[in-house]
Amino acid sequence: MTAPTADAVPTIGSIAPRPAVPWVRIAVGIVVTIIAIRLPYYYSPETNQIFSKVLYLAIAAMGLNLLTGFNGQVSIGHGAFFGVGAFTSAILVVNHGWYLEATIPVAAVLAALLGVLVGFPALRVKGLYLALITLGLAVLFPSVVKKYVHGPGGIPLLRPSRLEVQSLISSIPDDIYQYYVCLGVLVLTFLLAANLMRSRTGRAIIAVRDQEVAASTVGVDVARVKVLTFALSAAYAGVAGSLSVLIERSADASNPLIYFQDSIEFLIAVVIGGAATITGPLLGAMLLVAIQKRTEGTDALAPALLGGALIAVVYVLPEGIVGGYRRAVVWARRRRGMGSSGDDPPASASAPEPPSSDPDLPAAPTPSPT
Amino acid sequence: MRFGGVVALDGLSFTVGEGNICALIGPNGAGKTTMFNVVSRLYEADNGRVTFDGQDLLALPPHKIARIGVARTFQNLALFPALTVLENVMVGAHTNGRVGFTKAMLQIGVRSEEKRLRAESRSILERLSLGHLADRPAVGLPFGTLKRLEFARALASSPRLLLLDEPANGLTHGEVDELGETIREIRDQFSLSILLVEHHMAMVMSISDEVVVMDFGRKIAEGTPDVVRNDPMVIEAYLGAPA
């Protein structure tokens, strides 16, 4: 990650102290919660499956965001951790009769262990080289699965039956139940991530990204932070993979590039949502799936339309949806400040977004690596 | 300490007395920053010893150096641009906290620790007259302010020995005088020992208890500012050989 320049939105990755909660935020929170809970009752099972996909995609993207956005370690191999989660759950459900819900923690732990294994060599490489190594991991994964998993017809594909992933609460239909499981796990994982980033360890994660040398001289164990972030990030992808089996009713490694495609989807969700933000990955996942569904069915043109839409989004919102929102808030506040001086809140007050840099200050050199 | 065929530090030996301000001076390339990087374990020394309060620093990994009470600043700034001024100082206080990954995620002991670290860091910022900038992002502030922020971040780890790499660099004359004053006061207030690399001679001579002069990686003189000022070797190193 390069240091942000002075004219960039200056707060990417900064977790300000919890702002005083204005009533607008509480109201928005209540409305969002009600919508999230009521939503599946207004849509068809097919549409609810798409909503669920958004949720597990967001969890994987959040995991990647912890690693790539906040910690600066680029991975385009998170599909492999996703796959580990998916096959762990599928094997436990299909071959050992587990409840899928019970396999989620196992998937998380196994993915985290693989994350540690990759995290250690990742200490020695950075940037593009790390991207390439993780890419290799995603491409390698399906062949490993092929060797050890033999589904019907010998292909590396496991399909839990409808009964094996059905609703555990009889009053709730399967599709809505599955949506709720994903929603619950999403809320839990996002809370954990938000808590982490608002702590001493969260600051250390960002410090390691911005200035590794300085972080170590103030006492941050850089290697430990990097490896643990890798493991945590992999666990998130593993959990998402596990949930994907619940939703798609399959773990499939018959297409050798499938987990590479997943890796790219996670990365897209992070970038268009807003890297190094808490809500970015969820918004990114929503937008990505929305674009995918809009462009679907136009056959050969679909990938081109998706690509074009992505270019447009990144062009209009270079810092993702959340970055764009912050920019807009800063811009609006500045305009209001110019229009009617007096009612503009002081920059350091309990504003929901951290204040921007003052345009009146003399241009200063960006803190640069030594 | 060598870089390829160049011997950057050669038989250099000196001691910083407890509670003293010791200045390390010498022409560019004399090895002063290299010396800092050896002490903070960013460079691996080929041989030699660095001890602090009886402990062998060269046996410790870099992140343990802060924990035993040695902090430093960087000549060319090494701040965390995405964090606010306050958060930068709070990272400096990393060794004063204990919440790791698990506890942070489960919110165990986070609230009280955050409150304490924030209060400590804020008071250090106030002490260095940076309090009004606490919630600003570090990126975009003037160079002199960022130098002071580095100072604040180093202080936050509650060091007993502070290594300052050219703290007066980029400051105006008035600011330099003020900085000299601040360094002395902070030394007294926090009972620090300070090792200082500085080119600003007026400040060095006015605040230092001892001065070590280096050239080509060796020590060429050592003593109180008065002694060093009149040392013929020092005059030669700075002004060239007498005609």
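Guide: Begin with a definition: two strands pair if DSSP finds at least two bridges between them. Keep in mind that this is a predicted model.

Visitor: What makes β9(B) and β10(B) paired strands?

Guide: The cut-off is at least two bridges. Strand β9 (residues 210-215) of chain B is joined to β10(B) by 5 bridges. Therefore the two count as paired. They run antiparallel.

Visitor: Why are β6 and β10 of chain B said to stand at the edges?

Guide: The open sheet has 6 strands, in the order β6-β7-β8-β3-β9-β10 (chain B), with mixed pairing. β6 (70-72) and β10 (218-223) of chain B each have a single partner strand, so one side of each lacks a neighbour in the sheet. On average, neighbouring strands here are turned by 20° against each other, direction ignored.

Visitor: Which helix lies across β3, β6, β7, β8 and β9 of chain B?

Guide: Helix α1 (residues 32-39) of chain B does. Its direction is about 145° to β7(B).

Visitor: Now chain A. Why is Y177(A) called buried?

Guide: The threshold is 20 or more other C-beta atoms within 10 Å. Y177(A) has 20, so Y177(A) is buried. Y177(A) lies in helix α6 (residues 174-197) of chain A.

Visitor: Which residues does Y177(A) touch, not counting those up to four places away in sequence?

Guide: Y177(A) touches S167(A), L168(A), I169(A) and I172(A). As for L288(A), 111 residues separate it from Y177(A) in sequence, and 23 Å in space, C-alpha to C-alpha.

Notes:
Residues numbered from 1 in each chain as written. Chains lettered and ligands numbered in written order. Predicted model: local features only at pLDDT ≥ 70, side-chain atom pairs only at ≥ 80, totals over all residues. Helix = DSSP H or I, 4+ residues; strand = E, 2+ residues; numbered from the N terminus. Axes fitted to C-alpha atoms, helices over the stretch in contact; angles between N-to-C directions. Contact = placed C-beta atoms within 7 Å. Buried ≥ 20, exposed ≤ 12 C-beta atoms within 10 Å, placed from the backbone.
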